[in-house]
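Hi,

Here is the structure I promised to pass on. Have a look at it first, and my notes on what turned up follow below.

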Amino acid sequence: MKTKNRRNKIVLLGLLGMAMVLPLTACGKEESHTNKIKIEKPENVIAAVEKDGAFSYIDCNGKDVFGEKYEYAGEFSEGLAVVKKDGKFGYISRDGKMEMQTDFDEAGSFQNGYAVIVKDQKYGFIDKTGKVAVEPAYDSAKGFTKSGLALVKKDEKYGFINTKGEEVIPAKYISATEFSEDGFACVRTKKGYGMVAANGEETVPCKYDSIEPFAKNGLALVSQKGLYGYVNQKGKIVIKPQFEQARSFAENGLATAYKATRWGYIDKSGKFVIKNEYKGAWNFENGFAVIMRNKKYGYLNKKGDIVIEPEYEAAEAFQKNGLAVIREEGKCGLIDKEGQRILEPKYSAIADFNEYGYAIVRKEGRYGIINAEGKEVVAPEYEAMGSIMSGL
């Protein structure tokens, strides 16, 4: 739960931690005949990349979009992207025009109208005019969320400030997360983990060994004395800690739980509705769940039926476009919900597809891009590749 705001290079992580690309416009879509998935025209989609130590932006044809080289290039957010040029951080608009330059040591992406900046190893915030909204005075900081609060660290403790720099929730916690969409943040004191609301009220007392954010059904996973259970937003225990391991509730109101050496699926009453008989099981996403049996991975449907037999070395959840990443002989490929091969395993990693039909791939330590038909549109030749997030 410890927070960081470091601005080094944009480097894609593993199979789940890779970044997305985002279209510049919402028009001009082509349809994938293979999967009936909408794929944005490649010239309308861009990504930040690094090659030979220089950063730039390319589209999904591999063409340099702005014709500029940077010392650093970040993701677009709220219409601006942070870049470093001539030793200074600044922000460019979606047409590549430099909108403002700063004298800060580091600068972050805009989030709800504000961006984190660093000066003399202290963190603060600027607004979209470049004006300092919160003076750099903190040891670390995360962006402002919809709650109107930002997580900050001061004197080795965490708290929350508003956009005026006022400490709304005192910096008294050993660790904390940002506020989630439902208006709660996980916090930790010497007594344990709990949950705090935006008004500072500790709605879940800090007494648990661990805690996860509330799921859509309003229940949060907690652990106590080595067992896992669930509490509601008022802090009441709804499912007493009884499972040896468990995960947060998922889209279909079920959660994976581990008891008597096997994983199964429980409902909000804590009862197993899909028998605990798997050596590994993960939450349902987009109608299917990954399970492991005999050290191989396959998929269940919502009825608990195995619809794709466990035959893969590893498998990821199905994405919204109906594709899933699987691994065989150390390489990643793609299947559809019928188990048909869309892309034979050939990459060391494949990121999640964005809604526009593209995913970043890694091969021999370099990054490229494929579309939802499994076609390689940008060859893996980049040392790093970053995301351009929604909100342009």
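**What I found**

Starting with contacts: among those in the chain with a separation of 6 or more, 33% are between residues 24 or more positions apart. Keep in mind that this is a predicted model. The secondary structure is 42 strands and 0 helices. Of the 392 residues in the chain, 51% are buried. The chain exposes about 18,600 Å², with 45% of that supplied by carbon and sulfur atoms.

On confidence, the mean pLDDT is 90, and 90% of the residues reach 70 or more. Two stretches need some caution. Residues 1–35 have a pLDDT below 50, and in the model this stretch has 133 contacts beyond near neighbours in sequence. Residues 388–392 are also below 50, with 21 such contacts.

**Cores**

The largest nonpolar core has 28 residues, and the ones touching the most other members are L323, L334, I350, F353, I369, I370 and M385. At least two residues each come from β4 (45–51), β35, β36, β37 (341–347), β39 (358–363), β40 (366–371) and β41 (376–382). The largest share is that of β39, with 4 residues.

**Salt bridges**

I count 11 salt bridges in the structure.

- E68 pairs with K85, the closest N and O atoms being 3.2 Å apart. E68 is partly exposed at 31% relative accessible area, and K85 is partly exposed at 26%.
- K88 meets D103 at 3.4 Å, N to O. K88 counts as partly exposed at 37% relative accessibility, whereas D103 is exposed at 52%.
- E383 bridges to R366, with 3.8 Å between the closest N and O atoms.

**Cysteines**

How many disulfides does a search of the whole structure find? The count is 0. For C206, the nearest cysteine sulfur is that of C186, 10.0 Å away. C206 is buried, with a relative accessible area of 9%, and C60 is buried too, at 1%.

T261 has a positive phi of about 70° without being a glycine. T261 is in the loop between β27 (255–259) and β28 (262–266) and is partly exposed, at 45% relative accessible area. E329 also has a positive phi, about 50°, and is not a glycine either. E329 is in the loop between β35 (323–328) and β36 (331–336), and at 72% relative accessibility E329 counts as exposed.

Cheers

Definitions and conventions:
Residues are numbered from 1 along each chain as its sequence is written. This is a predicted model: local features need pLDDT of at least 70, side-chain atom pairs count only at pLDDT 80 or more; totals for chains, interfaces and linings use all residues. Side-chain values use heavy atoms; hydrogens and water are left out. Buried means under 20% relative accessible area, exposed over 50%, partly exposed in between (1.4 Å probe, protein chains only). Contact means heavy atoms within 4.5 Å. Accessible areas come from the Shrake-Rupley method with a 1.4 Å probe; for residues, only the protein chains shown count as cover. pLDDT is the predictor's confidence in each residue, from 0 to 100. A nonpolar core is a set of buried Ala, Val, Leu, Ile, Met, Phe, Trp, Tyr and Cys residues joined through side-chain atoms within 4.5 Å. A disulfide is a pair of cysteine sulfur atoms within 2.5 Å. A salt bridge is a side-chain nitrogen of Lys or Arg within 4 Å of a carboxyl oxygen of Asp or Glu.
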